[in-house]
Amino acid sequence: MFTSHISGQLAAYIDGGLAPRKARQAELHMEQCASCRVECDQVRFGIAVLENLPLVEAPDGVWASIEVAFEESRPRQTPVVGQWRVVFAVSVVLALVVVAYWVAARPAGMRWEVVRLEGSPTVGAKPIRGAGQVGSGDWIETDGRSSATVKVGEIGSVEVEPNTRVRVVAMRPSEHRFALLRGEIRAKISAPPRLFFVDTASGTAVDLGCEYALNTDEDGFGMLRVTKGWVSFQFKGLESLIPAGASCRTRPRAGPGIPYFDDAPENLKQALERLAFEKAGNEALDIILDEARVRDTLTLWHLLSRVEAEDRGRVYDRMAALTPVPARVSREQALRLDHETLERWKEELAWTW
Amino acid sequence: MVHLSDREISAEIIEACRLGDRDAFRALYDAYKDRVYSISLYFFHGDPAAASDVSQQVFLKLMTRIGQFRGDAGFSTWLYRLVVNACMDAARRSKPDVTLSEEFSKPGSPEEDYARAQMANSVRAAVSALPPRFRIAVLLRYFEDLSYEQMAEALDCSMGTVASRLSRGHKILAERLQGLMGAKK
């Protein structure tokens, strides 16, 4: 019996998606139908060639803005107490307060102005001519010949350099946040600390009142260079503080490197790179300690908590040789990485940075 | 191809995600990120920016809607429905441009011999040139190995339509790669 052609079932026949009875019918049909036999070979070949499509690893940058959104949206834990009615009532009141705050603090349809500087930058894949607007969740993208500037609410501006892809993640008065997937931005912020944030695949730059340039690739290899004020770069509990005139490299999964002044001796900078990311040993540390100047205590202060415990004493001694140790900072506490001690010392050292 | 049962995400992880557990969500993301990214990458002609964008959209939607997942369908099916919608929506918005990105069409790694690299590029180009509804079906079947029933749910069509799209998609691939057919055999 010659049934109708089975073109539409061939893929299912080949990869076992047909019920046994239908598969048998398909076989019987192909025994008599040369056209379907040829087509079956074609489909089999079309399936086989897909072996040439390897699985591609998602870049680390994909996670960056997801994580930010996750932190913003996840539900808060409700305390477990016996008097649930009280908890419920308090929760309702709090929810109302939060909603009222949200409504007041986030005007509907809030947008920031984007001005084209060169070429054809896009917002949400649409080119902007002259000026446009950007909202929360929008991507701003520039090619090799375009750039743009974004007015960040009332607190400053961000220049988006060529070959950059950056997303506006939050635009609230208490949180102005971008996610930089790749490329470079230059931020000029005049606001109290911790209102402006930029997420990258290797961590978050937290503005402490500053001007800076931040670049990264999609994997998180990048550089933060501060020209005014201070920036804190944070990643999973690790923090680097970068003052004006200093820079800090970033690495995927390693977060911020150790900051250094741009005018630091070249040998020091190279040794620092080897120590921070290549885990080079004593030789690199020797060079850093030998070459360090007074203001390079910025680097040494960060090193203190990043080197192995047995090397801390050498770092401490070099810092003590470069500048007097404040009375309230003891060697023992510093080597134990006592938080208050290190903070006290940093406050004194910062006069030289 | 990886089999679904090997990596179906556990009910505990999904429940933890519903409760806002960041580590659980990261585990879920890690379990699926490469397949979601790869499907998007091959769907969008090797454009890593488009693939990253769609992957982010998918996981952001997943995060906000995971409370709606009731477990009556498999988690993968539900997730890939989001992938299909994101890819097809983006394809509708963008121009019908099938030019492969530079990144995609450059030669393969040094380990790949010349012929293999050429074959790989030809296959990528042929997949890119498939009509979107055939392309997404072919990629979903290849990277996810979903059953026809699951694919029908993810693609929002009948199982017969899934079978037909796959057959036609693979046949078009074979016709476009005719020159390689002898070499492959």
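Chain B has eleven helices and zero strands. Read from the N terminus, its elements run α-α-α-α-α-α-α-α-α-α-α. The model is predicted, and the predictor gives the complex an ipTM of 0.84 and a pTM of 0.52. Chain B meets chain A through 40 of its residues, which are in contact with 36 residues of chain A.

**Chain B overall**

- Chain B has 185 residues, of which 43% count as buried.
- Take the contacts in chain B between residues at least 6 apart in sequence: 67% of them join residues at least 24 apart.

**Confidence in chain B**

- The mean pLDDT of chain B is 80.
- In chain B, 78% of residues reach a pLDDT of 70 or more.
- Confidence in chain B is highest in helix 10, at a mean of 92.
- Confidence in chain B is lowest in helix 1 (residues 4-7), at a mean of 40.
- Residues 1-7 of chain B have a pLDDT below 50, and this stretch has nine contacts in the model beyond near neighbours in sequence.
- A further stretch of chain B, residues 105-109, stays under 50 in pLDDT. For residues 105-109 of chain B the model has six contacts beyond four places in sequence.
- Where pLDDT is low, the predicted coordinates should not be read in detail.

**The side of chain B that touches chain A**

- In this interface, 40 residues of chain B are in contact with 36 residues of chain A.
- On the chain B side, at least two residues each come from helix 3 (22-43), helix 4 (48-65), helix 7 (114-128), helix 10 (159-176) and helix 11 (178-184).
- Helix 3 of chain B gives the most to this side, with ten residues.
- By class, the side of chain B that touches chain A has 22 nonpolar, nine polar and nine charged residues.

**Helix 3 against helix 4 in chain B**

- Two packed helices are described by the angle between their axes and the distance between the axes.
- The axes of helix 3 and helix 4 of chain B come within 9 Å and cross at roughly 140°.
- The crossing of helix 3 and helix 4 of chain B is right-handed.
- Helix 3 of chain B brings B:Phe25, B:Tyr29, B:Lys33, B:Val36, B:Tyr37, B:Ser40 and B:Leu41 to the contact.
- Helix 4 of chain B brings B:Pro48, B:Ala50, B:Ala51, B:Val54, B:Ser55, B:Val58, B:Phe59 and B:Met63.
- By class, this contact of helix 3 with helix 4 of chain B has twelve nonpolar, two polar and one charged residues.
- Both helices also supply residues to the side of chain B that touches chain A.

**Strand 14 of chain A and its partners**

- Strand 14 (residues 246-251) of chain A runs antiparallel to strand 12 (residues 222-235) of chain A, and four bridges join them.
- In that pairing, the bridge partner of A:Leu224 is A:Cys248 in strand 14 of chain A.
- Strand 14 of chain A also pairs in the antiparallel sense with strand 16 (residues 260-261) of chain A, over two bridges. Here A:Ala246 stands opposite A:Phe261.
- Strand 15 (residues 255-256) of chain A pairs with strand 14 of chain A in the antiparallel sense, again over two bridges. Here A:Arg251 stands opposite A:Gly255.
- Strand 14 and strand 15 of chain A form a hairpin with three residues between them.
- In the turn of this hairpin, A:Arg253 has a positive phi of about 65°.

Terms used:
Residues are numbered from 1 along each chain as its sequence is written. Chains are lettered from A and ligands numbered from 1 in the order in which they are written. This is a predicted model: local features need pLDDT of at least 70, side-chain atom pairs count only at pLDDT 80 or more; totals for chains, interfaces and linings use all residues. A residue is buried if 20 or more other C-beta atoms lie within 10 Å of its own, exposed if 12 or fewer, and partly exposed in between; C-beta atoms are placed from the backbone. Two residues are in contact if their C-beta atoms, placed from the backbone, lie within 7 Å. Ala, Val, Leu, Ile, Met, Phe, Trp, Tyr, Cys and Pro count as nonpolar, Asp, Glu, Lys and Arg as charged, and the others, Gly among them, as polar. Two strands pair if DSSP finds at least two bridges between them. pLDDT is the predictor's confidence in each residue, from 0 to 100. Axes are lines fitted to C-alpha atoms, for helices over the stretch in contact, and angles run from 0 to 180 degrees between N-to-C directions. A crossing is left-handed if the near helix is turned anticlockwise from the far one by less than a right angle, and right-handed if clockwise.
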